[in-house]
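User: I am new to this structure and would like to learn how to read its features. Could you guide me through them in turn?

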Amino acid sequence: MESPAQRRLRAIRSHLLPNTSDDDPQTHIRSNITAGEFAQVQGYSVVLPEKLQTGKWNVYRSARSPFQLVSRFADHPEIGTLHDNFVHAVETFRDHKYLGTRVQADGSVGEYKWMTYGEAGTARKAVGSGLQFNGLQKGDCVGIYFINRPEWLIVDHACAAFSYISVPLYDTLGPDAVRYVVNHADVRAIFCVPQTLNSMLSFLSEIPSVRIIVVVGGIDEHLPSLPSASGVKLISYSRLTVQGCSNLQPFCPPKPEDIATICYTSGTTGTPKGVVLTHGNLIANAAGFSRAVKFYPSDVISYLPLAHIYERTNQVISVYSGVAVGFYQGDNLKLMDDIAVLRPTLFCSVPRLYNRIYAGITNSVSNSGLLKERLFKAAYNSKKHTIMSGQRSSPIWDRLVFNKIRDKLGGRVRFLGSGASPLSPDVMDFLRVCFGCQVLEGYGMTETSCIISIMDEGDNLSGHVGSPNTACEIKLVDVPEMNYTSEDQPYPRGEICVRGPIIFQGYYKNEVQTREVLDDDGWLHTGDIGLWLPGGRLKIIDRKKNIFKLAQGEYIAPEKVENVYSKCKFVSQCFIYGDSFNATLVAIIAVDPDVLKEWASSAGIKYEDVGQLCNDPRARAAVLADMDEIGREAQLRGFEYAKAVTLVPEAFTLENGLLTPTFKIKRPQAKEYFARAISDMYAELSKSDPTMQKM
């Protein structure tokens, strides 16, 4: 066993860089501001003291790299930028499939057609050269204004190769937000499609920084003419690539500390904030991710918005690993059909889709007849028991039951990833059993270049978000006003704070808001409340900002309650509302129309459409009763129950302004949108129970 002195020496050595020159030896000391001489192993994490003089052990790191935060890929430490990463991919996987689409030029849909890594490399040089030919300089911002398709990534690779800064423009943010982002970032070039071009031309005179608009899928002869006074060139993507091919320019590679992208987060309130991420930030996050999950040259479906950091980081690690990326058609209703054709081996999604899959399968089982339902339950319980005990399940259950379910995702999926919002433990266990593959949940944010923590392979405990990414360290800071402290028993609790090479450089042109979240010691304060489970696993339990107080003084975390009610069979989406003037909660429920129709038929209720059914008091009573049952199972406290519901047939979407691009509810907007319904529910509750009157 090592002595304390030996452990100290080993820790010091881990902070030394290889001696590559005879320069000042101080330059070979690796900066490490956490007092990491010793570590207490917690299983998946290790704990270190932040400062030796305090004697407080409070900083958690991954057990995979306890004394050094990862900033580069282990096998290729020379990769320091997105450009380096793609050059590595082109050299290693030149003839491998890279970008695939089903929709052909004539609009027909068939099998996937593929572009190789080598072909994508040629295209990105043409695009970058074309931009330079049209006057763009190193450091200029380039806007990308369309949904996922191969050209999105080609343009992004071109930006990295020529040291431009990519600025994703959410196609669902609406004209006002797009105009704001373009002006705020001084965007010089915008890539769009014909659909988004029309919107942009309506405010062309209000975006004076733009000098060129490139229309992907447009034909030059069909593009409108712009007045010469506008000073803006309008050309097709194909025309730009021809210009680039005729005027090829050498790459202008960035440095790791150069800005790679400015990602504007829509958030739930206020003006979009531009998160500044360097090449080094993004490479560090992907490198840390690669220590936890291995990708291989195989298929993956891309449908999550590339403008969101979750999908962006997926693509960085996919490029490093030579993955073939198949794009969906652009229609979420046809996503399952695209999956069936692509048959992906990797699938990253959000709880909203997984909840739909869960509800669809359980509903189908309950309607399959008593014998099949009993068979499914026997198979499910048996397989779940073997998985939780670390054993291999009998293949007979897969042949009899689960292979048919696996086929819904193409039959080849070996990894399911979930992020953006919490995934119910019940749904996670269900996915593991039914699809027979690794299911991992992660936690992250744009300001951390994506992943903060991720579940470890082989960890079958659900209901947490794993251990720290090897590229960062985490601590919990006391939040006394919410009664969360590091001394809490049985688990330490507090606001999640993150530090390391994945942390953003700040909000673009917004020093005030940057200082609100980044402290002097380099810790990013996330606003999320977490606790440490045994084994050094992080669990998200609350949100520092998204809380409100009821009239009797009880604090409510609405997202927690919404996650519970999302398991109700009738519920597609849920918005919980309460305020300090009322003693109870109310809920707006976007219903699952198929489940509600089936209930109405079984109850002998006649209706003309789902809207009429939503207004039926019997339907509201049935939904509320089911929610109450789910609430009891989840052990909600009395004041956390919704006492009234309004059922709505339409979903909360990006288009109607009720969701952010990461599928979180925009609470102020939802409050305004459903103001009449909320008022009516409280009025009705007041009539039926005087104790629920406003305080």
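**Salt bridges**

Analyst: A salt bridge joins the side chains of Arg-149 and Glu-151, with 2.8 Å from N to O. Please keep in mind throughout that the model is predicted.

User: Are Arg-149 and Glu-151 buried or exposed, or does each fall in between?

Analyst: Buried means under 20% relative accessible area, exposed means over 50%, and partly exposed lies in between. Glu-151 has a relative accessible area of 17%, so Glu-151 is buried. Arg-149 is at 28%, and therefore counts as partly exposed.

User: How many salt bridges are there by this rule?

Analyst: The count comes to 27 salt bridges. Another of them pairs Glu-640 with Arg-637, at 3.2 Å from N to O. Glu-640 is buried because its relative accessible area is 2%, whereas Arg-637, with 44%, is partly exposed. Salt bridges may also share partners: Arg-61, Glu-473 and Arg-499 are joined into one network in this way.

User: Which parts of the chain does the salt bridge of Asp-592 and Arg-356 link?

Analyst: The side chains of Asp-592 and Arg-356 meet at 3.7 Å, N to O. This pair links distant parts of the chain, as its two residues are 236 residues apart. Asp-592 belongs to the loop between β28 (585-591) and α17 (593-602), and Arg-356 to helix α11 (residues 351-366). Asp-592 is buried, since its relative accessible area is 10%; Arg-356, at 41%, is partly exposed.

**A helix and its cover**

User: How should I read a helix, and what span does helix α8 reach?

Analyst: An α-helix has 3.6 residues a turn, so residues three or four places apart point the same way. The length of a helix can be compared with the span expected at 1.5 Å a residue. Helix α8 (residues 279-292) has 14 residues, and from its first C-alpha to its last it reaches 21 Å, close to the expected 20 Å.

User: Is α8 mostly covered or mostly uncovered, and what covers its buried residues?

Analyst: Helix α8 is mostly covered, with twelve of its 14 residues buried. Among the buried residues are His-279, Asn-281, Leu-282, Ile-283 and Phe-289. Their cover includes the helices α2 (82-93), α4 (150-161) and α9 (309-321), together with the strands β11 (259-265), β12 (273-278) and β18 (450-454).

User: Which atoms come together at the start of α8?

Analyst: There, a side-chain oxygen of Thr-278 comes to within 3.3 Å of the backbone nitrogen of Gly-280.

**A surface patch**

User: Which residues make the nonpolar surface patch?

Analyst: Leu-375, Ile-396 and Leu-400 make a nonpolar surface patch of about 230 Å². Ile-396 is part of helix α13 (residues 395-406). Patch residues must have over 30% relative accessible area.

**Backbone details**

User: Where is there a cis peptide bond?

Analyst: The bond between Gln-489 and Pro-490 is cis, with an omega of about 5°. Pro-490 lies in the loop between β20 (473-477) and β21 (493-499).

Notes. Residues numbered from 1 in each chain as written. Predicted model: local features only at pLDDT ≥ 70, side-chain atom pairs only at ≥ 80, totals over all residues. Heavy atoms only, no water. Patch = residues over 30% accessible without salt bridge, like charges linked within 9 Å, V, L, I, M, F, W, Y side chains within 5 Å. Areas by Shrake-Rupley, 256 points an atom, 1.4 Å probe, with all protein chains shown as cover. Salt bridge = Lys/Arg side-chain N within 4 Å of Asp/Glu carboxyl O. Helix = DSSP H or I, 4+ residues; strand = E, 2+ residues; numbered from the N terminus. Expected span 1.5 Å × (residues − 1). Buried < 20%, exposed > 50% of the residue type's maximum accessible area, 1.4 Å probe, protein only. Contact = heavy atoms within 4.5 Å. Polar contact = N/O pair within 3.5 Å; in protein donor to acceptor, adjacent residues only side chain to side chain.
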